[in-house]
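Visitor: I would like to learn how to read the packing of helices and strands in a model like this one. Could you take me through it slowly?

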Amino acid sequence: MIWNETKECMSRDQMTALQSARLVKLVDYMYHNVEFYRKKMQSVGIMPGDVKSIEDIVNLPFTTKDDLRDNYPFGLFAVPNSQIVRIHASSGTTGKATVVGYTRKDLDIWAECVARCMTMAGVTKDDVIQIAYGYGLFTGGLGAHDGAQKIGATVVPMSTGNSKKLTTMMVDFGATAIACTPSYLLHISEVLAEEGLLDQIKLKYAICGAEPWTEKMHKEIESRLNIKAFDIYGLSEVMGPGVACDCEYHRGLHVCEDHFYPEVLNSATLSPVADGETGELAFTTLTKEGIPLIRYRTKDLTSLDRTPCECGRTSARISRFKGRVDDMLIIRGVNVFPSQIEAALVEVDEVTPHYMMIVDRVNNLDTLEVQVELDQKYYTDEVRKIEALTKKIAHVIQQALGLSAKVKIVEPQSLVRSQGKAVHVIDNRKLYEN
Amino acid sequence: MFAKQLTVFIENRTGRLSEVLGVLKDHNINILSLSLADTTEFGLLRLIVNNAAQGKEALTENGFSSLLSDVSIIQIPHKSGSLRELLKVIDENGVNIEYMYGLSIESDSAYVVLKASDVEKVDKILTENGVRTISCEELANL
């Protein structure tokens, strides 16, 4: 099934023409509505009239997560708040969140894109779908919710955190589809097995995203639950889930290209690479009103394929992700930067600024341990004080990351001091192939 | 009067305790008593040694952090109920006991190492009640 055949199957020429027209309009819109872009364009000597087609995009400046931070919270919005109907936020590299705003039209397009993705996976109005992403500032829950609702499926807004309730309702409601992170789904499959419910579920499809996963995990999910699993991609800065999704042929993720123009950049020169070559993915939001972004660098490493797919769609596909350009981690679907831990620990006098994050996956659930050194000045002979300190640090980290971590206090001077770039993370998960 | 206790924070790793004890041995520090408070992640090794200051120095030189803290080492007669008598006096004065462990330095009577929430106050109570406590100097001569 294809949700929007006109847009998803248009010829490459038609797509290029549509993207060109939309880019020209976008550049004009941003120049006149976002001071930051106006100044940025003026500084490189580009006026709206200089952009005549999608090929001219290479002359436009990039946007980064730091630009969003520097203009926190609403500095990059192109409309007054009276036209913003929803705010979402994700982790910034330091204390400040990355904030995005949506107009009513933005939300409609978002739902349209998610509807395309879920239809790609096989979801129809006859399905009962459990949305098991977190609902809230995170785009996962509400984004998937609106898309499934647009299709007309029966939406069960589970959110996260109660696996037992989820499995019970999966059986009782006869759920046929689920949207959640792939690691959470593997965990759910274990809960189902423990409860002896595996043969009672009616699940057919899973739309998984918000974190990278390997082909091995994909196969494992499919065989354990006897379902078809699909990879959905997105990021809040660009929109949220639904920027791209893979079809039943699993030959890369189809990008909703009429709304998000993808580029893959050489990491050193930042010029676009040839299709098939790996580089950093960047998006230009062609139709967004609330917070449109030009050439937003995602820091995700992938490659592009613009050849037609067997499914009939002509949209460009991005390959399974090959890694990150920066040190961002995705833990239980939450974006985490080591610098956030660093900033949080500064508030705690009793420990030194040295820390080590150990990320692992136990029973398919991500775990985060943060090791910190006790400061000499606060050395104590009482267990109680160390335990209280452990709790205090765990609380500070929870506040900073929105994620619970196990805190381990280690001997002073025991964490490795490296020369040059410090290593703060040991990630024992296998998230990327090759 | 107070005695000095040497405390070492030790991660739960095989051989770590032995390394600490090795440093003390190499510097001729004699351990008179010890208590190891253990949790799942770490242990606090509390030591009464003949020379706590020297012990701390030796540990620091070898990369171990440690802490010197004041504790009371109290003589208790070898008689049923004598420890309880002592605690009763401390309790009546509203002082909490953080931890306590035994020390054996002579055969006629027993000793306890006691760390209270208010070390000064306990010391005063003990003096007022004529209880014998041991000083650092005495420990050094043992």
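Guide: We can begin with a pair of helices in chain A, H8(A) and H9(A), whose crossing is left-handed, a term used when the near helix is turned anticlockwise from the far one by less than a right angle, while clockwise gives right-handed. This is a predicted model, in which local features need pLDDT of at least 70 and side-chain atom pairs count only at pLDDT 80 or more, whereas totals for chains, interfaces and linings use all residues. Residues are numbered from 1 along each chain as its sequence is written, and chains are lettered from A and ligands numbered from 1 in the order in which they are written.

Visitor: At what angle do the axes of H8(A) and H9(A) cross?

Guide: Two packed helices are described by the angle between their axes and the distance between the axes. Here the axes of H8(A) (residues 182-194) and H9(A) (residues 215-225) come within 10 Å and cross at roughly 30°. H8(A) and H9(A) are therefore roughly parallel to each other, since angles under 35 degrees count as roughly parallel, over 145 as roughly antiparallel, 65 to 115 as roughly perpendicular and the rest as oblique.

Visitor: Which residues of H8(A) and H9(A) make the contact?

Guide: H8(A) brings A:Pro182, A:Leu185, A:Leu186 and A:Ser189, and H9(A) brings A:Met217, A:Glu220, A:Ile221, A:Arg224 and A:Leu225, where contact asks for C-beta atoms, placed from the backbone, within 7 Å. These residues divide into 6 nonpolar, 1 polar and 2 charged.

Visitor: How do H10(A) and H11(A) cross?

Guide: The axes of H10(A) (residues 338-345) and H11(A) (residues 383-401) come within 9 Å and cross at roughly 135°, which makes H10(A) oblique to H11(A). The crossing is right-handed, and the residues in contact include A:Ile341 of H10(A) and A:Ile397 of H11(A). That contact divides into 7 nonpolar, 1 polar and no charged residues.

Visitor: What is the order of the strands in the open sheet?

Guide: The sheet has 9 strands in the order E4-E3-E5-E6-E7-E8-E9-E14-E13 (chain A), with mixed pairing; two strands pair if DSSP finds at least two bridges between them. Its edge strands are E4 (154-156) and E13 (304-305), each of which pairs on one side only. E13(A) is joined by 2 bridges to E14(A) (residues 317-318), and these two run antiparallel, with A:Leu304 opposite A:Ile318.

Terms used. Axes are lines fitted to C-alpha atoms, for helices over the stretch in contact, and angles run from 0 to 180 degrees between N-to-C directions. Helices (H or I, at least four residues) and strands (E, at least two) are DSSP runs, numbered from the N terminus. Two residues are in contact if their C-beta atoms, placed from the backbone, lie within 7 Å. Ala, Val, Leu, Ile, Met, Phe, Trp, Tyr, Cys and Pro count as nonpolar, Asp, Glu, Lys and Arg as charged, and the others, Gly among them, as polar.
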